[in-house]
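Have the sequence and the 3D view open as you read.

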Amino acid sequence: MQRRIIILPAILIAFILCVYCIVNAAFDIPKEDFTGQPTYKVIKIIDGNTVELLMNGKGTKVKLIGVNTPQPLPHRREATRFFTDLLKGEEVYMEQESGSTTDEVMAYLYRAPDGLFVNLEIIRQGYGSAHTASTFQHSELFDHYKEQAEKLEKGLWAPEARIVYITKKGLKYHREGCPHLKFREIYQVTVRAAKNCCKDPCGSCVPPQ
Ligand SMILES: [Zn+2]
């Protein structure tokens, strides 16, 4: 009886540790060994998830697997800027998924020489969302870090990155559909950009601050 009392909690603890290890292992950031593999020079960043690389002497568009670029224009601009900061003037290693059927070159990129996993970094810092419509090798990892970025309000998930509306001359910024925007030319901006050009939140529609 005494022995059973000791063994049962031990089994339980071992089981909990096992589950903990499995769950955490699933979210380990992969470290690839690219020894002997070619690197590709970054020519330019096209948008938040597409880059032009120098491959076999010519510029080739490469799209990041698993990364959705955000839709509103101000967010697309910020995502492109973040991606540019990550890769401007750099060289990258490339990894493709087997069985890819699209004509586009889709790839995972790793920055040389520090090995930064670029696709994941964009999602992790909140500048792209995980492409949930398709499954790919790292989909669970990407979903996990997308949820983390959202929870921690990083990058485009931050309150000051929310989309609001301004007019050229108006002194306020607004929510979509505010009556003060009627019959005027309106522009989509982030809260941060609205504040930077000295606009205050509208008192009628009370946009995010
Ligand atoms: Zn308003």
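## Ground rules

Two strands are said to pair if DSSP finds at least two bridges between them. Helices (H or I, at least four residues) and strands (E, at least two) are DSSP runs, numbered from the N terminus. Keep in mind that this is a predicted model: local features need pLDDT of at least 70, side-chain atom pairs count only at pLDDT 80 or more, and totals for chains, interfaces and linings use all residues. Residue numbers start from 1 along each chain as its sequence is written.

## The chain overall

Of its 209 residues, 32% count as buried (20 or more other C-beta atoms within 10 Å of the residue's own; 12 or fewer is exposed, in between is partly exposed, with C-beta atoms placed from the backbone). Take contacts (C-beta atoms, placed from the backbone, within 7 Å) between residues at least 6 apart in sequence: 59% of them join residues at least 24 apart.

## β1 and its partners

Strand β1 (residues 40–47) pairs with strand β5 (residues 91–95) in the antiparallel sense, over two bridges. Lys41 has Glu91 as its bridge partner in β5.

β1 also pairs with strand β2 (residues 50–55), again antiparallel, this time over five bridges. A hairpin takes the chain from β1 to β2 through two residues, and Asp47 stands opposite Thr50 in β2.

## Helix α2

α2 (73–87) has 15 residues and spans 21 Å from first C-alpha to last, close to the 21 Å expected at 1.5 Å a residue (that is, 1.5 Å times one less than the number of residues). Its buried residues are Pro74, His75, Glu78, Ala79, Phe82, Phe83 and Leu86. Their cover includes β1, β6, α3, β9 (163–167), β11 (186–190) and α5 (191–196). After α2 comes Gly89, with a positive phi near 75°.

## Two nonpolar cores

A nonpolar core here is a set of buried Ala, Val, Leu, Ile, Met, Phe, Trp, Tyr and Cys residues joined through C-beta atoms within 7 Å. The largest one has 32 residues, and Val92, Leu109, Tyr110, Val118, Ile122 and Ile123 have the most contacts inside it. Among the elements giving two or more residues to this core are β1, β2, β5, α2 and α4 (139–151). A second, separate core has 11 residues, including Ile163, Tyr165, Ile166 and Cys202.

Who does Tyr110 touch? Setting aside neighbours within four places in sequence, Tyr110 is in contact with Glu32, Phe34, Val92, Tyr93, Gly115, Leu116, Phe117 and Val118.

Note on methods
Contact = placed C-beta atoms within 7 Å.
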